[in-house]
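Subject: Handover of a structure and its analysis

Dear colleague,

Please find below the structure for your review.

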Amino acid sequence: ITVHDLLPIQHPEWYARIPRLAFRRCLDFQLDAGAAVITPSAYVADDLATTYGLDRASITVIPEGVDERFTAPVSEDEIRAAREQHQLGTDPYVIAVGSVEPRKNLQIVFDAMKTLAAGGTEPPMLVVVGADGIDADQVKQGAERVGVADRVRFLGRRSDEELHRLLSGATALGHPPAVEEIG
C-alpha cells in the first residue's frame, strides 16, 4: 500500500465523513493484513510509524516521479492555443495544481498577490488547475476578499495533455505549503 499522507486522520475536519472513514478502514485493513508499506517521503514514513506504531525500518520511501509525458517539449503554438482557450493573454502566469480546498492554502498566494499590488507591482496571473474539493467556494471567495479575483483563473480538472501545455506556458509553479505545515 502506498500512503501519501495521514491527513484524513490528522485533520478530519478537512474531509467529508465517508471518504475519511473509507481511508481509515482501508489503511487499517491493509496494515492488519501485513501489506508492504510505501510512502513518498521520510516525513510521511515517520508519521505513519508514530501514528500506527510500525517499525520505521519496515516502511519503504520511494519519492514520487513524473510521467514521461510531462517531459516532452511543447511547441509555442500549443502553448499559445492553451492560453487562448483559457483567456490568459500574454502576461506571465503562475500555475498551481491540486484540488481547490482550504488545506491547500491558496490564500497565502492570494495574500502575496495583494502585497505585490499594494507595492505597485502588478501580480502575475494565477492559474489554478484542479477539481473543486471541500469548501472550494470559500477558497475562491478568498481571492475576492483580498481583491485579486481578476488575476485568478480556476480552470477545474484538465486532461494530462492540457495540463502539460499549461505547465509549459507558466512562468513558475506555485506550490504553497499546506495549512498544517505553517501551523
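From the N terminus on, the order of elements in the chain is α-α-β-α-β-α-β-α-β-α-β-α-β-α. That makes eight helices and six strands, where helices (H or I, at least four residues) and strands (E, at least two) are DSSP runs numbered from the N terminus. This is a predicted model, in which local features need pLDDT of at least 70 and side-chain atom pairs count only at pLDDT 80 or more, while totals for chains, interfaces and linings use all residues. Residues are numbered from 1 along each chain as its sequence is written, and side-chain values use heavy atoms, with hydrogens and water left out.

Overall dimensions and burial

The C-alpha trace spans about 55 × 40 × 30 Å along its principal axes. The chain has 183 residues, of which 33% count as buried; buried means under 20% relative accessible area, exposed over 50%, and partly exposed in between (1.4 Å probe, protein chains only). Among contacts between residues at least 6 apart in sequence, 75% join residues at least 24 apart, a contact being heavy atoms within 4.5 Å.

The nonpolar core

A nonpolar core is taken as a set of buried Ala, Val, Leu, Ile, Met, Phe, Trp, Tyr and Cys residues joined through side-chain atoms within 4.5 Å. The largest one has 15 residues, and those with the most contacts inside it are Leu 106, Phe 110, Met 113, Leu 126, Val 128, Val 148 and Val 152. Two or more residues each are given to this core by strand S3 (93-97), H5, strand S4 (125-129) and H6. H5 provides the largest share, four residues. Leaving aside residues up to four places away in sequence, Val 128 touches Ala 96, Val 100, Leu 106, Val 152, Arg 153, Phe 154, Leu 155 and Gly 156.

Helices H5 and H6

The axes of helix H5 (residues 106-118) and helix H6 (residues 136-145) come within 9 Å and cross at roughly 10°. Axes are lines fitted to C-alpha atoms, for helices over the stretch in contact, and angles run from 0 to 180 degrees between N-to-C directions. H5 and H6 are therefore roughly parallel to each other; angles under 35 degrees count as roughly parallel, over 145 as roughly antiparallel, 65 to 115 as roughly perpendicular and the rest as oblique. On the H5 side, Leu 106, Gln 107 and Phe 110 meet Val 139, Gly 142, Ala 143 and Arg 145 of H6. By class, this contact of H5 with H6 has four nonpolar, two polar and one charged residues. Here Ala, Val, Leu, Ile, Met, Phe, Trp, Tyr, Cys and Pro count as nonpolar, Asp, Glu, Lys and Arg as charged, and the others, Gly among them, as polar.

Within H6, the buried residues are Ala 136, Val 139, Gly 142 and Ala 143. Seen down the axis of H6, these fall within an arc of 110°, so they line one face of the helix; the arc is that of the directions from the helix axis to the C-beta atoms. Asp 137, Glu 144 and Arg 145 are exposed on the other side of H6. The cover over the buried residues of H6 includes H5 and strand S5 (152-156).

In helix H4 (residues 76-85), Ile 79, Ala 82 and Arg 83 are buried. Their arc, seen down the axis of H4, is within 100°, so they line one face of the helix. The face turned away from this buried side carries the exposed residues Asp 77 and Glu 84. S3 and helix H7 (160-169) are included in what covers the buried residues of H4.

H4 and H7 pack at an angle of about 100°, with their axes 9 Å apart, and are therefore roughly perpendicular to each other. In H7 the buried residues are Glu 162, Leu 163, His 164, Leu 166 and Gly 169; they pack against H4, S3, S4 and S5.

Backbone points to check

Most residues other than glycine have a negative phi. Asn 105, in the loop between S3 and H5, has a positive phi near 60° and is buried, with a relative accessible area of 8%. Asp 135, in the loop between S4 and H6, has a positive phi of about 60° and counts as partly exposed at 43% relative accessibility.

Kind regards
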